[in-house]
Amino acid sequence: MRFLVTGGAGFIGSAFVRMLAKSTNAEIVNLDKLTYAGNLENLASLPAHVKHRFVHGDICDAKLVESTIEQLRPDVIVHFAAESHVDRSILSPDAFFETNLRGTLTLLEGARKLKVPRFLHVSTDEVYGSIEPPHEADENYPLRASSPYSASKAGSDLLALSYFVTYKLPVTVTRASNNYGPYQFPEKLIPLMISNAIEDKPLPIYGDGMQIRDWLYVDDHCRAIMAAIEKGGPGEIYNIGGSRALPNVDVVRKILAALDKPESLMQTVKDRPGHDRRYALSSEKLMRETGWRAEMPFEEGLKETIAWYRSNGDWVSRVKSGEYLHYYERNYGGRAV
Ligand code: NAD
Ligand code: DAU
């Protein structure tokens, strides 16, 4: 098969490309703008024989998108490219509108004009907003996005689904919970806490730290996306959860314990504005229709992830330099309570 992957130099996109390279003979074209979150080092382990071509460019560039589709004639577009971090969307929402909405529209238009047979739009459980216990969201749950990030993702989901209804473009939408694993940019909770703890730096806990997230190992997510491509229906939405809901402080305590670091490194900081208290979703539909299951137990996945960050200190120090330091100061400066 021929895959056009967008955002394949980011955290989840690169894991998906590595998975395709390992388990298929697919021809892969990887379109990525290489923002602060894109990193070709994430693909350095691809064996030489893999049919992978990198295209450096923006998904908002209609000419580039169309020529890339025309050249490859993909069987499927797997659309990961996005601005993905909630805190950055609170600081500067513009890029979220551009990439997540304009970029998705540009890809959908390219796919429609050139009749791409399958379009997998990668989305998030954040579109459902905060969910009161004991409820969990199925795919029909109302969209109640809280942040500019989640609003832009909800908008892009609706755009993608409208292309199925209006133009019969065979679009499938997946909505996954919080991912973790190797190569994740250290702005998200788990890699930030691991890398700060390794360096004996404070671990910033937003508010009371009792917000709940459902953790999904990145390779389980990638397998779920393949299952949705192979066995899911066009026009359908599939939730992908990790079945491991934990309050943030429990996650951070597990990290500190694994690294043998003191809990005094945790530092309460002012809460995130509009902070969603709890995410909870049902993946029943995907499991029933495709047989997919999340396989990685959280404790084991966390152990592997910590080991990866420990032995990839060079990768971490390269990405934690330059722009990262400015972001860190903007997001965390003066926030201690
Ligand atoms: P990431 O921030 O690590 O990577 C995003 C990638 O997209 C980067 O390589 C970046 O260079 C590229 N990109 C950004 N703007 C672009 C543009 N205009 N044109 C081309 N490329 C561009 O993100 P991630 O965590 O790997 O998330 C991937 C997708 O999965 C996103 O759509 C995100 O909304 C979704 N998602 C993420 C999570 C999570 O926990 N990280 C969970 C559910 C869904
Ligand atoms: O649910 C899926 C979503 O998960 C994805 O769509 C997003 O791309 C991804 O960023 C993630 O969003 P969250 O906001 O849930 O993830 P984040 O890692 O930023 O934060 C997880 C929780 O940890 C959240 O309650 C905020 C808290 N947190 C986060 C950071 C970065 C802290 O307490 N301190 C921090 O420094």
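Helices here (H or I, at least four residues) and strands (E, at least two) are DSSP runs, numbered from the N terminus. Axes are lines fitted to C-alpha atoms, for helices over the stretch in contact, and angles run from 0 to 180 degrees between N-to-C directions. This is a predicted model, in which local features need pLDDT of at least 70 and side-chain atom pairs count only at pLDDT 80 or more, while totals for chains, interfaces and linings use all residues. Residues are numbered from 1 along each chain as its sequence is written, chains are lettered from A and ligands numbered from 1 in the order in which they are written, and side-chain values use heavy atoms, with hydrogens and water left out.

Start with the helix packing. Two packed helices are described by the angle between their axes and the distance between the axes. Helix α8 (residues 248-259) packs on helix α10 (residues 298-311) at about 55 degrees, and their axes are 11 Å apart. That angle makes α8 oblique to α10 (under 35 degrees is roughly parallel, over 145 roughly antiparallel, 65 to 115 roughly perpendicular, the rest oblique). The crossing of α8 and α10 is right-handed. In a right-handed crossing the near helix is turned clockwise from the far one by less than a right angle; anticlockwise is left-handed.

Helix α10 also meets α6. The axes of α6 and α10 come within 10 Å and cross at roughly 50 degrees. That makes α6 oblique to α10 as well. This crossing of α6 and α10 is right-handed.

Now turn to ligand 1. Around it are 28 residues, and Ile12, Asp32, Ser84, Tyr149 and Lys153 come nearest (a residue is near if one of its heavy atoms lies within 4 Å). Which atoms make polar contacts, meaning pairs of N or O atoms within 3.5 Å? A backbone N or O atom of Ile12 lies 2.7 Å from a ligand 1 oxygen. A polar backbone atom of Thr35 is 3.0 Å from an oxygen of ligand 1. Lys153 uses its side chain, with an N or O atom 2.7 Å from a ligand 1 oxygen. Taken alone, ligand 1 exposes 840 Å², and the protein buries 97% of that (accessible areas come from the Shrake-Rupley method with a 1.4 Å probe). The elements that give two or more residues to this shell are α1 (11-23), β5 (119-124), α5 (148-167) and β7 (178-180). Strand β5 gives the most, with three residues. By class, the shell has 12 nonpolar, 12 polar and four charged residues. Here Ala, Val, Leu, Ile, Met, Phe, Trp, Tyr, Cys and Pro count as nonpolar, Asp, Glu, Lys and Arg as charged, and the others, Gly among them, as polar.

Ligand 2 has 26 residues around it, and Thr124, Asp125, Glu126, Tyr149 and Arg272 come nearest. A backbone N or O atom of Ser84 lies 2.7 Å from one of its oxygen atoms. The side chain of Thr124 places an N or O atom 2.6 Å from an oxygen of ligand 2. A polar backbone atom of Leu189 is 2.7 Å from a ligand 2 oxygen. Alone, ligand 2 exposes 690 Å², of which the protein buries 95%. Two or more residues of this shell come from each of α3 (86-91), α6 (189-198) and β8 (203-206). The shell divides into 11 nonpolar, eight polar and seven charged residues.

Finish with the backbone. Most residues other than glycine have a negative phi, and most peptide bonds are trans. The bond from Pro133 to Pro134 is cis, with omega near 5 degrees. Pro134 lies in the loop between β5 and α5. Arg73 is not a glycine, yet its phi is positive, about 50 degrees. Arg73 sits in the loop between α2 (62-72) and β4 (76-79).

Technical notes: A polar contact is a pair of N or O atoms within 3.5 Å; within protein, one must be able to donate a hydrogen and the other to accept it, and residues adjacent in sequence count only if both atoms are side-chain atoms.
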